[in-house]
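Thanks for sending this one over. Here are my notes, in numbered points, to read alongside the model.

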Amino acid sequence: MIRLKKMYRLVSLVLVLLLIFTACKASVDQEPTKDPSPSDQVNESPRPNESLELETEVKGLIHVNQVGYRTEDEKIAILVGEYDSFQLVAIEDEKETVVLNSKIESSPLFDVSTGDLVYKLDFSQVTEPGQYYLSVAGAGRSYPFQIGDNIYNDLKDALLKFMYYQRCGIELKEEHAGQWHRPECHTEPGILLEDNNVTMDTVGGWHDAGDFGKYTVPAAVTLADMLNSYEMFPTAYSDNINIPESNNGIPDILDESIYALDWIIRMQDEKSGGFYHKLSTNNFPGFIMPHRDSSKQYLSPISPTATGSAVAVLAQASRILSDYDSEFAGRALAAAEKGWQWLIDNPDASGFTNPKGVSTGEYGDANSSDERAWAAVELYRTTGKDQYHDYVKKNYKGGLKVAGLGWIDNGGFGAISYLFMDQDMQDTDVYDYLKSKYLEEADRIKKYMAYNGYNVAIRPTEYYWGSNMHVMNRAIFMLVAHLLEENPEYEQIALDQLHYLLGRNGLSQSYVSGFGSKQIKNPHHRPSGADNIKEPVPGMVAGGPTKDREDNVVKNSIPEDTPPGKAYIDAEGSYSTNEVTTYWNSPTLFVATYFCQE
Ligand code: G3I
Ligand code: 9MR
Ligand code: ZN
């Protein structure tokens, strides 16, 4: 029986490979063709009284951004399979009007990440604001979506408000949190794992994700995205997303950042200046509400990655906040410079691994050259001191890998900061090197896009745990490249990643709770799972499909031969595909904010 099973597997593997090869060959042989621009397509405006049979049900074959498209933007949907024509239907007061009836002329593309043969439906010429859907005879209809301006504003505010919902140590009052209000949690002092007689006031900060752990590096990476997006697009941020600090004269994104920065400062060891790696219970709790988690929280040892990333964001925060809160800005800089001294005193400190008896999130990373270089750039940009610039000039090639915008590799934050600091502070060699590396990587991503059926900027091999973070970090990367050297193609690639996240993907899944017709409903998020409220907390970005099948729910419910771009399940138990974290929201916030600017 087993031999038969193996034979079957082998045969099906060969068949699948053959299909992929022939289809790939087809798509590679066909130089990636430019989709016919709207003007090329045979677009007949519907003739009066034309009786078009419109599809009535969604069959999951027409993928759209389920929030919508801005009026002047390129508007493309992805269709799976070959069909004749498509109709764009306007919905107004329950009346449906066909506003575009177009032959499908785009060439097919085999998408390796999903196994789909896809066609592009281009309706960019339609700019009239309103509610629409697409209909393709035989392929059903799409989910509805908007065409309009400012259509990403609610998304932007919800992505930021999620950080508030992650706050630890305070009550989330109903006036701010609505139905997701909850009592204060984790108000006890942190206990030093290395010496249980020592406790520290480490109340505050954000729960990392679906768990209640508080981890310095991911918190710092989240803050870097938030502070970068504020530093680059300050006018796009409001003071009224209804958090306790709203309408205090400080943009809410900075108020929310201060809540986490204040906690990061508390994670500093008074004596040595190093930053503790995390504060968590020794094991993950069950699916309970935060205020029900009464287990002791322990401070795991100081680490170079925690210290480097904390120093970096505290130095950056100090320069941004100096006009708003000079006392806090001063405290942040003092902590940053003290932390830098720990880095200098501990050049060979080993990377963090979970101590014995601790099984919560590890965020293990043996290489702190990126965090150290990032810290030096931010300290230099804020203070102008040569000692920091000297470090950068010695270490930029190894430390500031431009693509690193995640919790493991984060030298890219240092590269961005260096590239955008005042010109008179920059060393020409460093600047020229970083800029050329940056644009080289942007062009690599651009080239790859021609071969990807869903215009998503990660390869089939890059669907790791938290793949949506990698997608949105590529979007940040392309926006920064566009800001470095204006290129509308770079900007479009960034927008395509937002389209992907909001439903234009192989599963027609909107990966953001509260947004889109097929939005995530069962995130691996303890408060959403234990609050007896049907709707999850809104504005949360799920990790997304992964190729590595790292939880039992995925293993037991998704067939092994599922292509990486479809290996996702909207199930509470799937923490490797359906958890949420502050540092998956923060890059999405950066990108959404860019496209909300007036
Ligand atoms: O980077 C390597 C890549 O080089 C290699 O080719 C690939 C092999 O597939 O693995 C990649 O490493 C992955 C790593 O994330 C970086 O992407 C690992 O497979 C993957 O297991 C690891 O997952 C991390 C996960 O914790 C388990 O450690 C996620 O990034 C990280 O977001 C997640 O973080 C958890 C916290 O521990 C606890 N709180 C929730 C949070 C989100 O789930
Ligand atoms: O809830 C935990 C989630 O935050 C982590 O990302 C994940 C992997 O470390 O672990 C989750 O906790 C599970 C634990 O690992 C195994 N027992 C079930 C726990 C809840 O799903
Ligand atoms: Zn808490």
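1. A salt bridge here is a side-chain nitrogen of Lys or Arg within 4 Å of a carboxyl oxygen of Asp or Glu. Lys 566 makes one with Asp 116, and their closest N and O atoms are 2.8 Å apart. Between domain 2 and domain 3 the rule finds one salt bridge.

2. A word on conventions. This is a predicted model, in which local features need pLDDT of at least 70 and side-chain atom pairs count only at pLDDT 80 or more, while totals for chains, interfaces and linings use all residues. Residues are numbered from 1 along each chain as its sequence is written, chains are lettered from A and ligands numbered from 1 in the order in which they are written, and side-chain values use heavy atoms, with hydrogens and water left out.

3. The chain is divided into domain 1 (2-33), domain 2 (62-147) and domain 3 (453-598); the bounds come from an automatic or database domain assignment. Taken over C-alpha atoms, the centres of domain 2 and domain 3 are separated by 21 Å. Their contact (heavy atoms within 4.5 Å) takes 26 residues from domain 2 and 30 residues from domain 3.

4. How much area is buried between domain 2 and domain 3? About 2100 Å², with carbon and sulfur atoms giving 52% of it; buried area is the accessible area (1.4 Å probe) that two parts lose on being put together, summed over both. On the domain 2 side, His 63, Gln 66 and Ser 113 supply 28% of the area buried against domain 3, more than any other three residues.

5. Are Cys 168 and His 207 buried or exposed? Cys 168 is buried, at a relative accessible area of 0%, and His 207 is buried at 1%; buried means under 20% relative accessible area (1.4 Å probe, protein chains only).

Conventions: Buried < 20%, exposed > 50% of the residue type's maximum accessible area, 1.4 Å probe, protein only.
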